[in-house]
Amino acid sequence: MNTGDYINIQPSELKFPFELRKQSSCSLQLTNKTDKYVAFKVKTTNPKKYCVRPNAGIILPSSASNITVTMQAPKEAPPDMQCKDKFLIQSVVAPDGTTSKDISAELFNKGDGKVVDEFKMRVVYIFANPPSPVPEGSEEGSPPRTTGVDDGNQNFALFDAVSRSLEEPKEKSSQAWSNVSKLTEEKDAALLKNHKLRQELELLRKEASGRQGGGFSVLFVVLVGLIGVLIGYLVKKT
(Lines give C-alpha, C1' and ligand atoms only; values in the text may rest on other atoms or scores of the structure.)
Protein backbone atom coordinates (compact mmCIF):
# COMPACT_ATOMS: atom_id res chain seq x y z
CA MET A 1 0.00 0.00 0.00
CA ASN A 2 1.24 3.50 -0.87
CA THR A 3 0.51 6.26 1.57
CA GLY A 4 0.91 10.04 1.47
CA ASP A 5 -0.32 13.13 3.15
CA TYR A 6 -3.86 12.85 1.79
CA ILE A 7 -4.68 9.36 0.53
CA ASN A 8 -3.74 5.71 0.82
CA ILE A 9 -3.50 3.68 -2.41
CA GLN A 10 -4.04 -0.03 -2.51
CA PRO A 11 -2.54 -2.12 -4.08
CA SER A 12 0.89 -0.64 -4.65
CA GLU A 13 1.15 -1.84 -8.29
CA LEU A 14 -1.22 -2.59 -11.14
CA LYS A 15 -1.39 -6.32 -11.86
CA PHE A 16 -3.08 -7.37 -15.09
CA PRO A 17 -3.87 -11.01 -16.02
CA PHE A 18 -2.10 -11.33 -19.36
CA GLU A 19 -3.77 -13.19 -22.22
CA LEU A 20 -3.33 -12.52 -25.92
CA ARG A 21 -6.29 -10.93 -27.73
CA LYS A 22 -8.26 -10.54 -24.51
CA GLN A 23 -8.98 -7.48 -22.36
CA SER A 24 -8.12 -7.55 -18.67
CA SER A 25 -8.81 -5.25 -15.73
CA CYS A 26 -7.60 -4.48 -12.24
CA SER A 27 -8.89 -2.24 -9.44
CA LEU A 28 -7.47 0.46 -7.21
CA GLN A 29 -8.85 1.85 -3.99
CA LEU A 30 -8.05 5.41 -2.94
CA THR A 31 -8.83 6.20 0.70
CA ASN A 32 -9.04 9.77 2.01
CA LYS A 33 -7.32 9.77 5.39
CA THR A 34 -8.05 13.46 6.09
CA ASP A 35 -11.10 15.41 7.22
CA LYS A 36 -11.05 17.51 4.06
CA TYR A 37 -12.18 17.11 0.49
CA VAL A 38 -9.45 15.54 -1.64
CA ALA A 39 -9.32 15.66 -5.43
CA PHE A 40 -7.46 12.99 -7.41
CA LYS A 41 -6.37 12.47 -10.99
CA VAL A 42 -4.92 9.39 -12.74
CA LYS A 43 -2.42 9.69 -15.62
CA THR A 44 -0.58 7.07 -17.68
CA THR A 45 2.34 7.01 -20.08
CA ASN A 46 0.24 5.00 -22.57
CA PRO A 47 -3.30 6.48 -22.62
CA LYS A 48 -4.31 4.61 -25.82
CA LYS A 49 -3.67 1.27 -24.16
CA TYR A 50 -5.57 1.81 -20.91
CA CYS A 51 -9.04 2.99 -19.95
CA VAL A 52 -9.37 4.48 -16.43
CA ARG A 53 -12.79 4.91 -14.82
CA PRO A 54 -13.01 7.34 -13.19
CA ASN A 55 -9.78 9.07 -14.12
CA ALA A 56 -10.52 12.00 -11.79
CA GLY A 57 -12.83 12.68 -8.86
CA ILE A 58 -13.44 13.86 -5.33
CA ILE A 59 -13.00 11.73 -2.23
CA LEU A 60 -15.02 12.87 0.76
CA PRO A 61 -13.40 13.01 4.21
CA SER A 62 -12.61 9.55 5.63
CA SER A 63 -14.14 7.91 2.52
CA ALA A 64 -12.82 5.82 -0.33
CA SER A 65 -13.11 5.73 -4.10
CA ASN A 66 -12.70 2.68 -6.31
CA ILE A 67 -11.01 2.94 -9.71
CA THR A 68 -11.09 0.36 -12.50
CA VAL A 69 -8.23 0.23 -15.01
CA THR A 70 -8.86 -1.78 -18.19
CA MET A 71 -6.03 -2.84 -20.51
CA GLN A 72 -6.81 -3.32 -24.18
CA ALA A 73 -6.35 -6.80 -25.64
CA PRO A 74 -2.63 -7.32 -26.35
CA LYS A 75 -1.64 -8.62 -29.79
CA GLU A 76 1.75 -9.98 -28.72
CA ALA A 77 3.67 -10.73 -25.55
CA PRO A 78 6.47 -8.34 -24.55
CA PRO A 79 10.02 -9.68 -24.02
CA ASP A 80 10.32 -11.48 -20.68
CA MET A 81 6.74 -10.40 -19.88
CA GLN A 82 8.04 -7.02 -18.68
CA CYS A 83 5.89 -3.91 -19.09
CA LYS A 84 7.38 -0.40 -19.22
CA ASP A 85 4.07 1.45 -18.79
CA LYS A 86 3.69 3.69 -15.73
CA PHE A 87 0.81 5.37 -13.92
CA LEU A 88 0.80 8.59 -11.92
CA ILE A 89 -1.84 9.33 -9.28
CA GLN A 90 -2.07 12.93 -8.09
CA SER A 91 -4.05 14.11 -5.08
CA VAL A 92 -4.64 17.56 -3.63
CA VAL A 93 -6.86 19.18 -1.00
CA ALA A 94 -9.94 20.78 -2.57
CA PRO A 95 -12.38 23.35 -1.18
CA ASP A 96 -15.32 21.92 0.73
CA GLY A 97 -18.29 21.18 -1.48
CA THR A 98 -16.14 20.59 -4.60
CA THR A 99 -17.61 18.07 -7.06
CA SER A 100 -16.09 16.09 -9.91
CA LYS A 101 -17.40 18.69 -12.37
CA ASP A 102 -15.31 21.36 -10.65
CA ILE A 103 -12.02 19.51 -11.20
CA SER A 104 -9.65 21.21 -13.63
CA ALA A 105 -5.99 21.00 -14.58
CA GLU A 106 -5.27 24.18 -12.60
CA LEU A 107 -6.32 22.42 -9.41
CA PHE A 108 -3.23 20.20 -9.62
CA ASN A 109 -0.77 22.95 -10.48
CA LYS A 110 2.05 23.24 -8.00
CA GLY A 111 2.60 26.73 -6.72
CA ASP A 112 1.71 29.22 -4.04
CA GLY A 113 2.65 26.66 -1.38
CA LYS A 114 0.12 24.10 -2.68
CA VAL A 115 1.07 20.51 -1.89
CA VAL A 116 0.28 17.94 -4.59
CA ASP A 117 0.91 14.32 -3.64
CA GLU A 118 2.12 12.13 -6.49
CA PHE A 119 2.42 8.35 -6.59
CA LYS A 120 4.05 6.47 -9.43
CA MET A 121 2.83 2.93 -10.08
CA ARG A 122 4.24 0.29 -12.37
CA VAL A 123 2.35 -2.30 -14.41
CA VAL A 124 2.92 -6.00 -13.78
CA TYR A 125 1.71 -8.84 -16.01
CA ILE A 126 0.61 -12.09 -14.44
CA PHE A 127 -0.33 -15.27 -16.28
CA ALA A 128 -4.08 -15.64 -16.71
CA ASN A 129 -3.83 -19.46 -16.45
CA PRO A 130 -0.69 -20.32 -14.46
CA PRO A 131 0.48 -23.97 -14.70
CA SER A 132 -0.55 -26.10 -11.78
CA PRO A 133 2.31 -27.70 -9.82
CA VAL A 134 0.07 -30.65 -8.99
CA PRO A 135 -0.66 -33.01 -11.91
CA GLU A 136 -4.31 -33.49 -12.74
CA GLY A 137 -5.87 -36.52 -11.13
CA SER A 138 -3.17 -36.74 -8.41
CA GLU A 139 -5.26 -35.33 -5.60
CA GLU A 140 -5.18 -37.09 -2.29
CA GLY A 141 -7.07 -40.36 -2.47
CA SER A 142 -7.10 -40.46 -6.28
CA PRO A 143 -4.68 -42.30 -8.57
CA PRO A 144 -2.16 -40.23 -10.54
CA ARG A 145 -2.46 -39.80 -14.27
CA THR A 146 -0.88 -42.46 -16.44
CA THR A 147 2.56 -41.76 -17.81
CA GLY A 148 3.57 -41.81 -21.45
CA VAL A 149 4.73 -45.45 -21.07
CA ASP A 150 1.36 -46.48 -19.67
CA ASP A 151 -0.40 -44.69 -22.49
CA GLY A 152 1.81 -46.55 -24.99
CA ASN A 153 0.98 -49.91 -23.40
CA GLN A 154 -2.73 -49.14 -23.51
CA ASN A 155 -2.50 -48.13 -27.17
CA PHE A 156 -0.61 -51.35 -28.02
CA ALA A 157 -3.20 -53.48 -26.21
CA LEU A 158 -5.99 -51.71 -28.08
CA PHE A 159 -4.23 -52.25 -31.41
CA ASP A 160 -3.74 -55.95 -30.60
CA ALA A 161 -7.41 -56.37 -29.70
CA VAL A 162 -8.52 -54.69 -32.93
CA SER A 163 -6.15 -56.89 -34.95
CA ARG A 164 -7.58 -60.06 -33.37
CA SER A 165 -11.11 -58.90 -34.05
CA LEU A 166 -10.23 -58.39 -37.72
CA GLU A 167 -8.51 -61.78 -38.01
CA GLU A 168 -11.43 -63.76 -36.50
CA PRO A 169 -13.83 -63.08 -39.41
CA LYS A 170 -11.08 -64.14 -41.85
CA GLU A 171 -10.58 -67.47 -40.02
CA LYS A 172 -14.32 -68.12 -39.88
CA SER A 173 -14.67 -67.30 -43.58
CA SER A 174 -11.81 -69.66 -44.49
CA GLN A 175 -13.36 -72.46 -42.45
CA ALA A 176 -16.74 -71.93 -44.12
CA TRP A 177 -15.22 -72.12 -47.59
CA SER A 178 -13.41 -75.31 -46.59
CA ASN A 179 -16.72 -76.89 -45.48
CA VAL A 180 -18.43 -75.87 -48.72
CA SER A 181 -15.61 -77.33 -50.79
CA LYS A 182 -15.74 -80.58 -48.85
CA LEU A 183 -19.52 -80.88 -49.29
CA THR A 184 -19.16 -80.18 -53.02
CA GLU A 185 -16.60 -82.97 -53.39
CA GLU A 186 -18.85 -85.42 -51.52
CA LYS A 187 -21.78 -84.47 -53.71
CA ASP A 188 -19.76 -84.99 -56.92
CA ALA A 189 -18.57 -88.40 -55.66
CA ALA A 190 -22.15 -89.41 -54.83
CA LEU A 191 -23.38 -88.36 -58.28
CA LEU A 192 -20.57 -90.32 -59.91
CA LYS A 193 -21.40 -93.41 -57.87
CA ASN A 194 -25.06 -92.98 -58.71
CA HIS A 195 -24.21 -92.81 -62.40
CA LYS A 196 -22.14 -96.04 -62.18
CA LEU A 197 -24.96 -97.81 -60.34
CA ARG A 198 -27.41 -96.77 -63.02
CA GLN A 199 -25.09 -98.18 -65.69
CA GLU A 200 -24.73 -101.49 -63.80
CA LEU A 201 -28.49 -101.64 -63.31
CA GLU A 202 -29.08 -101.12 -67.00
CA LEU A 203 -26.57 -103.83 -67.82
CA LEU A 204 -28.23 -106.32 -65.41
CA ARG A 205 -31.63 -105.50 -66.82
CA LYS A 206 -30.46 -106.22 -70.35
CA GLU A 207 -28.83 -109.50 -69.30
CA ALA A 208 -31.93 -110.63 -67.42
CA SER A 209 -34.15 -109.66 -70.32
CA GLY A 210 -32.05 -111.74 -72.72
CA ARG A 211 -32.16 -114.86 -70.54
CA GLN A 212 -35.85 -114.77 -69.59
CA GLY A 213 -37.35 -113.31 -72.69
CA GLY A 214 -38.27 -109.97 -71.28
CA GLY A 215 -39.38 -111.02 -67.77
CA PHE A 216 -37.93 -109.69 -64.53
CA SER A 217 -36.35 -112.02 -62.03
CA VAL A 218 -36.67 -111.68 -58.28
CA LEU A 219 -32.97 -110.90 -58.04
CA PHE A 220 -33.37 -108.06 -60.46
CA VAL A 221 -36.22 -106.54 -58.47
CA VAL A 222 -34.21 -106.79 -55.23
CA LEU A 223 -31.24 -105.08 -56.85
CA VAL A 224 -33.46 -102.32 -58.17
CA GLY A 225 -34.87 -101.76 -54.66
CA LEU A 226 -31.40 -101.66 -53.04
CA ILE A 227 -30.14 -99.25 -55.64
CA GLY A 228 -33.17 -97.00 -55.09
CA VAL A 229 -32.57 -96.99 -51.32
CA LEU A 230 -28.88 -96.15 -51.82
CA ILE A 231 -29.67 -93.36 -54.26
CA GLY A 232 -32.18 -91.85 -51.86
CA TYR A 233 -29.68 -91.99 -49.00
CA LEU A 234 -26.96 -90.32 -51.05
CA VAL A 235 -29.28 -87.61 -52.34
CA LYS A 236 -30.53 -86.90 -48.82
CA LYS A 237 -26.93 -86.66 -47.49
CA THR A 238 -25.96 -84.10 -50.11
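Which residues is Ile7 in contact with, leaving aside its neighbours within four places in sequence? The legends below take this up. This is a predicted model, in which local features need pLDDT of at least 70 and side-chain atom pairs count only at pLDDT 80 or more, while totals for chains, interfaces and linings use all residues. Residues are numbered from 1 along each chain as its sequence is written, and side-chain values use heavy atoms, with hydrogens and water left out.

**View 1. The surroundings of Ile7.** Here Ile7 is in contact (heavy atoms within 4.5 Å) with Asn2, Leu30, Thr31, Asn32, Lys33, Val38, Ile59, Ile89, Ser91 and Phe119.

**View 2. The largest nonpolar core.** A nonpolar core is a set of buried Ala, Val, Leu, Ile, Met, Phe, Trp, Tyr and Cys residues joined through side-chain atoms within 4.5 Å; buried means under 20% relative accessible area, with a 1.4 Å probe and protein chains only. This one has 26 residues, and Ile7, Leu14 and Phe16 are among those with the most contacts inside it. Strands (DSSP runs of E, at least two residues, numbered from the N terminus) that each supply at least two residues include β2 (7-10) and β10 (117-127). The most comes from β10, with four residues.

**View 3. Thr70 in strand β8.** Thr70 is buried, with a relative accessible area of 17%. Its side chain makes a polar contact of 3.1 Å with that of Ser25; such a contact is a pair of N or O atoms within 3.5 Å, where, within protein, one must be able to donate a hydrogen and the other to accept it, and residues adjacent in sequence count only if both atoms are side-chain atoms.

Terms used: Buried means under 20% relative accessible area, exposed over 50%, partly exposed in between (1.4 Å probe, protein chains only).
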